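Good morning, everyone, and thank you for making time for this short talk. Please have a look at the model as it comes up, and then I will walk you through a few parts of it.

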Amino acid sequence: MIELDRRTALQLLGLSVAGSTLVGDAASAQAKDSVTIGWPSDVLSWDPNQRFAPDAQSILKLVFDQPLDQNEKLELIPKLVTKWDLAPDGMSMAIELRSDVTFHNGDKMTAEDFKYTFLDRIKKGEKLDTANSWKKVKAIEITSPTKALMQFDSPAPTAPQWLAFLGSYIVPKDYLEKTGVDGFRDKPVGSGPYKLVDYQLNSRIVLERNEAYWGSKPKVKRVTFDIIKDPSARVAAVQSGQVDLTINVPVREVERLKKEPNLAAEINPITRVILLQVRNDLGFADPNVRLAAHHAIDKAALSKAFYGGAAAPLSVVATPGTPGYLSDYKFEYSVDKAKAALAKSGFSPEKPAQIKLAATNGHFPSDYDIARAIQQMWKKVGIEAELETIEYAKYFELNRGAKLPEATLYSWDNATGDPEIFAGYLLNPKMPFSAWKGMDVGAKVLELFNVADYKKRIEGYRALNKTAVEAGATIPLLQSVVTVVRKKNLTYTKYANGWILGNTMGWS
Amino acid sequence: MVKLMTSILPLITRRILVSVVILFIVSALLFCILRLLPVDSAAMSMPPNATLAEIEAKRREMGLDQPLFRQYLIWLSQVLHGDFGASIHFRRGVAGLVAATLPATIELALLAMLIAGALGIAGGLWMFHVRGTRREPLADMASIVLLSLPEFLWGLFFILLFGVALELLPFTGRLSSGFERPVITGFLLIDTLLAGRPDMFVNALKHMILPSLALGIAFSPTIMRVLRSSLLDVYQEEYIHQARLRGLSERRILIHHALKNALLPTLSLMGVQFGFLFGGTLLIEVIYSYPGLGNLMVDAVRNADLPIIQAVGLTYCVVVLFINTVVDAAYVILNPKLRVA
C-alpha cells in the first residue's frame with residue numbers, strides 16, 4: 001500500500017513537472033505575442049479618476065481611453081474627442097466625441113459618459129482626484145450623443161491639456177452606477193486597447209488585447225506587468241529573461257547592461273524636473289542668499305555624479321522641447337558670484353547664512369545624495385544648511401502648515417509639458433505645490449492662469465520662467481531621466497514624457 | 001485520548017483568554033504609538049489642495065478631534081465589527097487589503113519554517129555527530145556564518161546565484177505569466193491543487209523556493225545549536241546509558257530515544273522563532289516582489305498609511321499568538337509528562 005502511494009506520488013510529481021515543462025514550452029512559443037514588463041509600482045486604484053499617480057499612467061492608458069492624447073513629441077492629438085474648441089475667453093470648450101467607441105462590456109460610449117466622468121461624479125462628492133483638476137467645470141451641456149459643451153466658472157486655458165493628463169479617463173456611466181465604486185475597482189471596464197484579465201495587488205497585472213477596440217489594434221496580445229519595487233531585483237529580472245522590459249534601473253547599471261548581447265539599455269530624458277522648492281521667508285527672506293544658493297550649485301557635477309551625465313542641467317522650471325523652455329537662457333554656476341551675493345548681505349564661509357534643507361530619501365534616484373552634495377557646495381560659499389529627511393507623502397501637509405524649511409529638494413512630473421503645469425503650479429502661491437508664497441512672482445502667475453490665448457500664455461510663462469529664477473523664487477536643477485532596459489528585439493515608442501506603452505510594443 | 005483532550009482543551013482555552021488580553025494591550029499600544037507620530041491622518045487622506053476647513057471637517061468625521069481614549073474606543077468598536085478603516089494611500093477598505101495579502105505571507109512563512117526546521121534538525125544532528133572530532137570547529141563556524149547573515153542578504157545572494165547566474169528558479173511574484181491564477185482560498189498552493197492544475201502547483205512552488213529558502217536558512221542555525229545542546233543534555237540522562245547497556249546501536253539510541261526528547265525544546269523555540277520569521281517576510285517580500293502582508297506594510301510605512309499599519313500590526317500579533325498556541329498544544333501532545341494525570 002505504501003509502495004503504491006509512493007508510486008502514485010512520484011507519478012503525480014512527474015506529471016506536474018512534465019506539465020510545467022509543457023507550459024513553459026507553450027509560453028516560449030507564444031512569447032512573440034506577449035510582453036512581460038517589470039514595473040516599479042502598482043496602480044493605486046482601478047477607478048482611473050480616483051488617484052493621480054504619474055507612474056501608473058502607462059498602465060491605465062492601456063485599459064482606459066482619454067478624451068485627448070499626446071504623440072511622442074507631446075503634441076495634443078484626438079482620441080475619444082475628435083474636435084475641441086476652447087473659447088477665446090477660456091470660459092467654455094466645445095467637444096465632439098467619436099461615435100464608434102464601445103466599452104469592454106459592450107456599452108456604447110456617449111456624451112453622457114463624458115458628462116458623468118467630468119461633472120456628475122465630482123458634483124456627487126465622490127472622493128476623486130479629478131475633483132481638483134476639473135473643479136472649474138460648472139456645467140456640461142449635451143447637445144447630441146456625440147457633442148457637448150463644457151462650461152467653466154473661471155478661465156480654464158489648460159482644459160485641452162488636462163483632457164490628456166492625469167486621471168482624465170472616460171468611465172462608463174451605466175456600468176459604474178450599477179457596480180458602485182468598489183465593484184468597479186474589482187472589475188474595471190474601460191474602452192482602451194486592452195482588458196484587465198488578472199490583477200493581484202502589489203504583484204501582477206495581466207492585460208489582454210481588446211479585439212473590439214475602435215482604434216488601431218496593438219501587435220502584442222498579452223501584456224503582463226510584474227510589480228517589482230526593488231531596483232536591483234528589476235535588473236536581475238531583465239538580465240535573467242524573467243521580464244522583457246523594465247524601467248528605472250540605476251544609471252550605473254545601464255552602462256553594464258548595454259554590453260549584454262541580448263539587451264538594449266537607454267537613458268531617456270523626460271518631462272520631469274528636479275528642483276529646489278524655496279520659501280520667501282526665514283533664512284531665504286533675503287534674495288541675495290537665495291541667488292547665492294543657486295549660483296553655488298554645480299548642476300553638471302550633480303548630473304555626472306548621480307545620473308552619469310544624462311540628466312540635463314536646467315536653468316528654468318521646464319524641460320527642453322517643451323513650450324516654456326528657454327534654450328538661450330542660462331543661470332550661471334559661479335562660486336565667485338555666490339560669494340559676492342552673500343557678501344552683500346554680510347555672509348561668508350566664516351560667517352555663514354544658516355538655513356534648513358529638506359529632502360526625501362528614496363523617492364527618486366539619489367535624492368538624498370543630491371541634497372548632501374548641495375549641502376557641501378553651499379558650505380564652500382558660506383551657506384550652512386541643516387539637512388533633514390521628509391517623507392514625500394508629507395510634503396503637502398508640511399507645506400500647508402508652512403512647516404517646510406527654506407529649501408526642499410523636489411521632483412515634479414508634467415507629462416503634458418505645458419508651462420502652466422510646470423512654473424504655474426510650482427510658483428502659484430495659492431496652490432499646495434508651491435512653497436513660494438511671495439506675491440511679487442505670485443501675482444504674475446495668477447494673472448497667467450486667466451490668459452486663454454495660447455500664444456500669449458506661452459510667452460507669458462517664458463518671461464515668468466526667467467523672472468522667477470532671477471528673483472530666486474525657484475532653483476531648477478536637472479531634467480529627470482527614465483532608464484529603460486529591454487530585450488534587443490522588443491521595440492517600443494519613446495515618448496518625451498516617459499510613457500512606456502504596451503500597445504506600441506512589438507517584436508522584431 | 002481522553003487524557004490528552006482534558007490536558008489540551010484547558011490549555012487552549014487559557015491561551016485564548018490570555019491572547020485576548022494581549023491583543024487588547026497590543027492594539028492600545030499600537031494605537032497610541034501611531035498617534036504620537038507627527039502624521040496628520042485627516043490632512044493626508046485629503047487631496048493636496050484641500051482647504052483647512054475641509055481638513056478640519058475630515059478630522060471631525062474621523063473622530064480625530066476627540067480625546068485619545070475615545071478615539072481608541074471608536075477605532076476598537078469598528079475593528080470588532082471587522083472595519084479597519086480605509087487606506088489613505090489606496091482609498092479602499094483595509095480589511096480587504098489585509099485579507100487579499102495575508103494568505104500569501106502565511107504560505108511563505110510556513111514553507112520557510114518547514115525549511116528552517118529541516119535544515120535546523122539536519123544541521124543539529126550533524127553538529128552533534130561531529131562533536132569532539134576535528135570537524136567540530138568547522139561545524140561551529142558554519143553555524144555562526146549562517147547565523148550572522150540576515151535573511152535579506154541570503155535573498156539577494158539566491159537571486160544572483162539561482163535566478164541570474166544559473167537561471168534555475170524564478171524570483172518575482174507568485175506565478176509565471178501565462179498562468180491564470182485560480183482564486184479560491186487565496187492560498188495559491190492549495191488553490192492550484194483544488195483547480196486540478198499540478199503544473200501550476202509546481203510553478204507556484206518554484207516561485208516560493210527562493211524566498212522561503214532565504215527566510216528559512218537565516219533561522220535554521222538557532223535551531224541547529226539548540227538541538228545540539230539539547231542532545232548533549234539528553235545524552236547525560238540515565239536511560240541513554242541503559243540503552244547502551246542493552247546493546248542498542250548508537251543510531252537507534254539517537255533516533256528512537258534521544259532525538260524525541262531533545263526535539264521538545266527545539267519545538268518550543270520554533271514557536272518563538274515563527275514570530276520573528278513572520279516579521280522577516282517584510283524585506284524578503286519586497287526583494288522577491290511577493291504580494292504578501294510584508295509588501296503591503298512596507299508600502300504603508302512609506303506612505304504613512306496609519307490604518308494599514310495598525311491592521312497589519314494587529315494581524316501579525318494574531319498570527320504569532322495563534323502559532324504559539326498551536327506549538328504549546330503540540331508540546332503537550334509530544335510530552336506525556338505535561339498531561340493532566
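Let me begin with a pair of helices in chain B, namely helix H11 (residues 250-287) of chain B and helix H13 (residues 306-334) of chain B, which pack at an angle of about 170° with their axes 9 Å apart. Helices here are DSSP runs of H or I with at least four residues, strands are runs of E with at least two, and both are numbered from the N terminus. The axes are lines fitted to C-alpha atoms, for helices over the stretch in contact, and the angles run from 0 to 180 degrees between N-to-C directions. H11(B) and H13(B) are therefore roughly antiparallel to each other, given that angles under 35 degrees count as roughly parallel, over 145 as roughly antiparallel, 65 to 115 as roughly perpendicular and the rest as oblique.

Which residues make this contact? On the H11(B) side they include Leu264(B), Leu267(B), Phe274(B) and Phe278(B), and on the H13(B) side they include Tyr316(B), Val319(B), Ile323(B) and Leu334(B). Two residues are in contact if their C-beta atoms, placed from the backbone, lie within 7 Å. Sorted by class, the contact of H11(B) with H13(B) has 13 nonpolar, 5 polar and no charged residues, where Ala, Val, Leu, Ile, Met, Phe, Trp, Tyr, Cys and Pro count as nonpolar, Asp, Glu, Lys and Arg as charged, and the others, Gly among them, as polar.

Before I go on, a careful word about what we are looking at: this is a predicted model, in which local features need pLDDT of at least 70 and side-chain atom pairs count only at pLDDT 80 or more, while totals for chains, interfaces and linings use all residues. Residues are numbered from 1 along each chain as its sequence is written, and chains are lettered from A and ligands numbered from 1 in the order in which they are written.

H11(B) has another partner, helix H10 (residues 238-245) of chain B, and these two pack at an angle of about 150° with their axes 11 Å apart. That makes H10(B) roughly antiparallel to H11(B). In this contact, Tyr239(B), Ile240(B), Ala243(B) and Arg244(B) of H10(B) meet Ile253(B), His257(B) and Ala258(B) of H11(B), and by class there are 5 nonpolar, 1 polar and 1 charged residues.

For a contrasting pair, turn to helix H5 (residues 94-129) of chain B and helix H12 (residues 293-302) of chain B, whose axes are 7 Å apart and which pack at an angle of about 130°. H5(B) and H12(B) are therefore oblique to each other. Here Leu97(B), Val98(B), Thr101(B), Leu102(B) and Thr105(B) from H5(B) meet Leu293(B), Gly294(B) and Leu296(B) from H12(B), and the contact has 5 nonpolar, 3 polar and no charged residues.

Stepping back to the whole chain, how many helices and strands does chain B have? Chain B has 13 helices and 0 strands, and its C-alpha trace spans about 85 × 55 × 40 Å along its principal axes. Of its 341 residues, 37% count as buried; a residue is buried if 20 or more other C-beta atoms lie within 10 Å of its own, exposed if 12 or fewer, and partly exposed in between, with C-beta atoms placed from the backbone.

Now to where the chains meet, a contact that takes 47 residues from chain A and 42 residues from chain B. The largest share of the side of chain A that touches chain B, 8 residues, comes from H1(A), and by class that side has 18 nonpolar, 16 polar and 13 charged residues.

Within chain A, 8 of the 8 residues of helix H14 (residues 420-427) are buried, so H14(A) is largely enclosed by the rest of the structure. Among these buried residues are Phe422(A), Tyr425(A) and Leu427(A), and the partners they pack against include strand E12 (263-278) and helix H16 (454-470) of chain A.

Phe103(A), which lies in the loop between strand E5 (92-97) and helix H3 (111-123) of chain A, is also buried, with 24 other C-beta atoms within 10 Å. Leaving aside neighbours within four places in sequence, the contacts of Phe103(A) include Met109(A), Pro172(A) and Tyr175(A).
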